[in-house]
Amino acid sequence: MAVRELVAAETLGPQRAREALGLEPVEFELAVELGEVRTSPAAGGRRRVTQAEVDRLRAEEGFPQSLRERLRTAGSADGADLIGITRDRFTKLAKGGLLQPVRWYVNRYRAVVWLYSVDEIRWFAASNPALLDGRLPVGLRQALDEGEDHRARGWRARRVEQLRRDAVDDWEEAAVWTALLGPENAAEAVPDIYERAYLRKLKPGLPPGITGPYASQELVDATVTADHPDEIAYARFALAHAMGRARARHPSPRPEHGFEPVPEGAPAPGAAQRERPRRRWLRLLCRS
């Protein structure tokens, strides 16, 4: 049997893997993001799930409920109820970076609603009982008084780590960092237009997941792009290292190789066709 046929026989596409695991589309997407379902690179930049991975998950005690339980999310109100604290305190802990969102969507008031892993909320409460009542630590109170809010930054850090984990080479890793930086900072960090265009082709932006029908492109861009000086500085540092490795392996495609750069600011292919999520997906996403 040819290698390609062997690989195809031993792996499943996302839809077949999702059905085999008994997950809804939004649950499967989150499972991949969180590393609960491990994927492997395949032709065309797509990723597939090995039959062995599906078998491993199906062999778990309590499957499929045990897997679905690890994928439960909660907003700030339900998360606070889960561990017996006020919603205000939960929000302060999240703004302070002690609870990191796994998802977000935009509600009808055009406000970003952050969602957290129920498993991680419970783990945090069990590991940090002193933070559940009484006065918050002085450093945290001062940071909150100064307007610190780590929720978007925490979600971006988690998303970047997942994309870096799945990158197949140094160019793809570099593309993740340029996606985080956004066009302006990426242009400063990577002055060569052909390299920049190649990186945009690999990863035009951080995939936000299901943002809901009320999300404007401006709001999405603001949420998925690094905006804190420390975050930007770290991303540029990591990008420089990834670019050094990528250039050493092979240069980016040039015009003589038949590669034409996409103009700066041009929408990513298919961006205008972003699907509106089904209402049942949003209900699943918001359930506690």
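In what sense do β4 and strand β6 pair, and over how many bridges? They pair in the antiparallel sense, over two bridges. The model is a predicted one.

## The sheet with β4, β5 and β6

Three strands make up an open sheet, in the order β4-β6-β5. The pairing is antiparallel. Strand β6 covers residues 112–117. Its residue S117 is the bridge partner of T73.

The edges belong to β4 (73–74) and β5 (103–106). Each has a single partner strand, so one side of each has no neighbour in the sheet. Helix α8 (residues 118–127) packs on this sheet. Helix α8 touches β4 and β6, and its direction makes about 70 degrees with that of β6.

## The helix pair α6 and α7

Helix α6 spans residues 76–83, and helix α7 spans residues 87–95. The two pack at an angle of about 105 degrees. Their axes are 8 Å apart. Angles of 65 to 115 degrees count as roughly perpendicular, and α6 and α7 are therefore roughly perpendicular to each other.

Which residues of α6 and α7 meet? From α6 come S76, A77, G79, A80 and I83. From α7 come R87, F90 and T91. By class, this contact holds four nonpolar, three polar and one charged residues.

## The sheet with β1, β2 and β3

Another open sheet has three strands in the order β1-β3-β2. Here, too, the pairing is antiparallel. The edge strands are β1 (11–12) and β2 (40–41), and each pairs on one side only.

Strand β3 covers residues 47–50. Two bridges join β2 to β3, and these strands run antiparallel. P41 has R47 in β3 as its bridge partner.

Notes
Residues numbered from 1 in each chain as written. Predicted model: local features only at pLDDT ≥ 70, side-chain atom pairs only at ≥ 80, totals over all residues. Heavy atoms only, no water. Axes fitted to C-alpha atoms, helices over the stretch in contact; angles between N-to-C directions. Helix = DSSP H or I, 4+ residues; strand = E, 2+ residues; numbered from the N terminus. Parallel < 35°, antiparallel > 145°, perpendicular 65-115°, else oblique. Contact = heavy atoms within 4.5 Å. Nonpolar A, V, L, I, M, F, W, Y, C, P; charged D, E, K, R; others polar. Pairing = 2+ DSSP bridges.
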